[in-house]
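Subject: Structure handover

Hello,

Here is the structure I promised to pass on to you.

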Amino acid sequence: MRDLAASLIDALRQRNQTLCFCESLTAGLAAATLADVPGASDVLRGGLITYATDLKQTLAHVPEEVLAQHGPVSPVTAREMARGAKRVCGADWAVAMTGVAGPDPQDGHQVGEVWVGLAGPHWTASSAAAELVEASRGRYALVPGAPEPLRVLAGERADIRRAAVEAALRGALTAVREQKVDLGS
């Protein structure tokens, strides 16, 4: 994962851009992973640890109605966490992670359900973390009442947290590399 973090740092540095994190289930692991690479201080602004649901609102400014309607584990919440962290930290990019690491399901969400939110200079999006990592890092979970199984991260609690960080870094690297660069500035 160190190579992935170094590639993200290099891509941001080439574009003279910064990054911050808003972390729930990973509790600072993504920021620490990036900070472990020499040169991270060129791009890493910092981050928010919003492990508790109420901190998603007070620190990351996730609207109360989003949390009430979608809950703390959702693609909408992940997007809003990224959007809020970007604003609070004054970064060009923000990556947010929210989900369930286990060992038990939480509020109807399966262990391994993780959402990655990304806020860039011009847009905000979210993805299931299991879609951003190698297929072998995921599994399908049956969700009562759902029309089809849900793709989630596989493994024990620590495995899920590490895979969530990998997904976040991969998603951010792809987005940074794919952005259109304004050569006139």
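Below is what was found in it, element by element.

First, the ground rules. This is a predicted model, in which local features need pLDDT of at least 70 and side-chain atom pairs count only at pLDDT 80 or more, while totals for chains, interfaces and linings use all residues. Residues are numbered from 1 along each chain as its sequence is written, and side-chain values use heavy atoms, with hydrogens and water left out.

Let me start with the annotation. UniProt, in an unreviewed entry, lists residues 3-125 as "domain: CinA C-terminal"; positions are in the numbering used here, the feature name is shortened, and such annotations may be inferred rather than shown by experiment. That span is 38% helix and 21% strand, and its end C-alpha atoms lie 24 Å apart. Helices (H or I, at least four residues) and strands (E, at least two) are DSSP runs, numbered from the N terminus.

Next, helix α1, residues 2-14. Its end C-alpha atoms are 18 Å apart, which agrees with the 18 Å that 13 residues should span at 1.5 Å a residue (the expected span is 1.5 Å times one less than the number of residues). Leu4, Ala5, Leu8, Ile9, Ala11 and Leu12 are the buried residues of α1. These sit on the same side of α1, because they cover an arc of only 165° around the axis, taken from the directions from the helix axis to the C-beta atoms. Here buried means under 20% relative accessible area, exposed over 50%, and partly exposed in between (1.4 Å probe, protein chains only). Exposed Asp3 and Gln14 are carried on the face of α1 turned away from its buried side. Among the elements that cover the buried residues of α1 are β1 (19-23), α2 (29-35), β3 (93-99) and α6 (157-178), where contact means heavy atoms within 4.5 Å. After α1 comes Asn16, with a positive phi near 55°.

Helix α5 (residues 75-89) has 15 residues and reaches 21 Å from its first C-alpha to its last, close to the expected 21 Å. Its buried residues include Val76, Met81, Ala82 and Cys89.

Some loop residues deserve a look at their backbone. Ala27, in the loop between β1 and α2, has a positive phi near 45° although it is not glycine; Ala27 counts as partly exposed because its relative accessibility is 38%. His61, in the loop between α3 and α4 (64-70), has a positive phi near 60°, and at 44% relative accessibility His61 also counts as partly exposed. In the loop between β3 and β4 (114-119) lies Pro103, and the peptide bond from Gly102 to Pro103 is cis, with omega near 20°.

Leaving aside neighbours within four places in sequence, the contacts of Thr50 include Cys22, Glu23, Leu55 and Met81.

Finally, the largest pocket holds about 190 Å³ of space. Of its 15 lining residues, Ser24, Leu25, Tyr51, Gly99 and Gln106 lie nearest its centre. Both α3 (53-58) and β3 supply at least two residues of the lining. On a 1 Å grid over the protein atoms alone, a pocket is an open set of points where a 1.4 Å probe fits, with protein on both sides within 12 Å along at least five of seven lines; lining residues have an atom within 4 Å of a point. Points are joined across faces, edges and corners, and the volume is the space filled by probe spheres set on them.

Best wishes
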